[in-house]
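Please look over the model below before reading on. The numbered points that follow go from one chain to its contact with a partner.

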Amino acid sequence: MIEIITTPGLASVQDLGRDGQYFQGLGRAGAMDPLALRLGNLMLGNPQGAAGIEVQMTPFALRFLADQTFALTGAETGATLDGQPLCAPWAMTAKAGQVLSLGPVRQGCRAYIALQGGLDVPEILGARSTQLREGFGGHEGRWLRAGDQLQAVAVSAAPLLPARGFGLTPPGVALPAREGDAVLLRVLPAAEYTDFTPDARRAFEAETFRVSRQFNRAGYRLEGPDLALHAGRELRSHGVVPGVVQVPPGGQAIIQLADAATMGGYPKIGTVIGADLWRIGQAAAGAALRFRCVSLSEALAAEAELETYFAQVAQALSARAARHLAWS
Amino acid sequence: MKDEHPMAGQALRDISLLGSKALIFEPECPFDLASQRRIWAMAEAAGQWPGVREAVPGMTNLTLLFDTAPADIEALSGALRALWDSGIERQVPGRLLEVEIAYGGPGGPHLADVAAATGLSVAAVVEIHSAPVYTVFAVGSHAGYCYLGGLDPRLFVPRRKVPLVSLPGGSLSVAGMQTGVSASAGPSGWHTIGTADVAFFDPRRDPAALLRPGDQIRFVVGGLTE
């Protein structure tokens, strides 16, 4: 059991989101950085889609009300456990009464806290994620507040961790994708790609976009070159998925994300590939983004590369556990 | 840009990728119920295809969501076009829901604006809006929200210049050729002309969404505040 002590808001329970609910207009929700959530669960031996806490704003602190093995992944927040610094990704066992504190974000945007066993919140419509607009799922269908108590699903096997825990290479280091100072996002061209002027298409790949102050779980408004259309087609409302880059009248791009609407009608220049969505989840206001168009086969190769990364981490973790067993 | 990319070609304009795990099929067709019935028929058939997680009707278009990226886009595209070309329409034995609306007042702050924009009296706007039986063309945007067909062209008005940051659930709005009732609180650029007390989505219910494509709505005047 844990108790939230400090939160300025915007922290919620998330898993990997809801599938198969578009028919009733319900979006996916889920972690904005699914890689960080999966990684934390992997470090604890949880199913990779177990629910954890997504922290979007610090200072954030929680108290362990019982001994509990946990993992901290995602943004670098100068976190401490009773004053002892922890570098994400990190997993260890906290003693009852210890306090996990997350401070100012130094790198990235969102931190994730996973508990061994996963958070014990009810599965509703196929997932444990908080559906913030509809007000259900996660913990009481809302943002977490100070005083909220959350429990982990009981696990039978005792954890085998070094006393001080263990860390992993941060995914941003293991899977680098940058162009200069900017985060590089690979994009599949979308339906209206050719409706944009040649200048707009060039600018889309050649210039830097910045995450504006209007950024949340539903989407990011970007600041960058105006992307003009040369052909206006009548657009009828159609399906929208997280990652789609839309350009409303005015020309400034928007990326739709985890809590986006399921349908929309703005012109779409492209869709950020699934393998790069986590990089957006770690981009805060002011972060520089660059887009690069890729083919479907390149997108699939990137997804395969991400799964290889997880397989390698899983292998390294079992090797570490085996060593620990041998020495203990 | 890689011009060899299939989605850059004009020939494939009716089919486009939405990331690696979704695709949109948008046939050239009139915006009417007959076209929409063909889309519903396609959704029913394509929803059974292997690898397709969901086939979701949009407004005279169809979005396929995949479990894994399709291996052969060409074959899939051919199958989608054949399905559309078959011309098969799905007749949905839909339910008719009567929704009582309090037109105007605090729940419908833009009723007078719509009257002004259309040159009609407030009473005429309400009479025209509550006359038709609307058909749920598609469900989406937010949970339980119904895209309705059947708005009288006399009530076609452009969206508001400045969107509202948040509109309560149950708000009845019009914009462009569309009208609908929001199922939960959220931002809106539409003109809100009334309010209803209906749970269009309830996660404790099965199905959670009250209405499905093909169902119908009639708005009943429960009150009018000018």
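1. Start with the surface. Chain B has an accessible surface of about 9,700 Å². Carbon and sulfur atoms account for 54% of that surface. Keep in mind that this is a predicted model.

2. Now the charges. Chain B carries 17 positive side chains and 23 negative ones. The centres of these two sets are 3 Å apart.

3. Next, the fold elements. Chain B holds four helices and 13 strands. Its radius of gyration is 19 Å, close to the 17 Å given by the globule rule for 226 residues, so chain B is as compact as a globular protein of that length. Along the principal axes, the C-alpha atoms of chain B fill a box of roughly 60 × 40 × 30 Å.

4. How much of chain B is buried? Of its 226 residues, 53% are buried, with under 20% relative accessible area as the cut-off.

5. Contacts within the chain deserve a look too. Take the contacts in chain B with a separation of 6 or more. Residues 24 or more positions apart make up 61% of them.

Terms used
Residues are numbered from 1 along each chain as its sequence is written. Chains are lettered from A and ligands numbered from 1 in the order in which they are written. This is a predicted model: local features need pLDDT of at least 70, side-chain atom pairs count only at pLDDT 80 or more; totals for chains, interfaces and linings use all residues. Side-chain values use heavy atoms; hydrogens and water are left out. Helices (H or I, at least four residues) and strands (E, at least two) are DSSP runs, numbered from the N terminus. The radius of gyration is taken over C-alpha atoms; the globule rule is 2.2 Å times the number of residues to the power 0.38. Buried means under 20% relative accessible area, exposed over 50%, partly exposed in between (1.4 Å probe, protein chains only). Contact means heavy atoms within 4.5 Å. Accessible areas come from the Shrake-Rupley method with a 1.4 Å probe; for residues, only the protein chains shown count as cover. Lys and Arg count as positive and Asp and Glu as negative; His and the chain ends are not counted. The place of a charge is taken as NZ of Lys, CZ of Arg, CG of Asp or CD of Glu.
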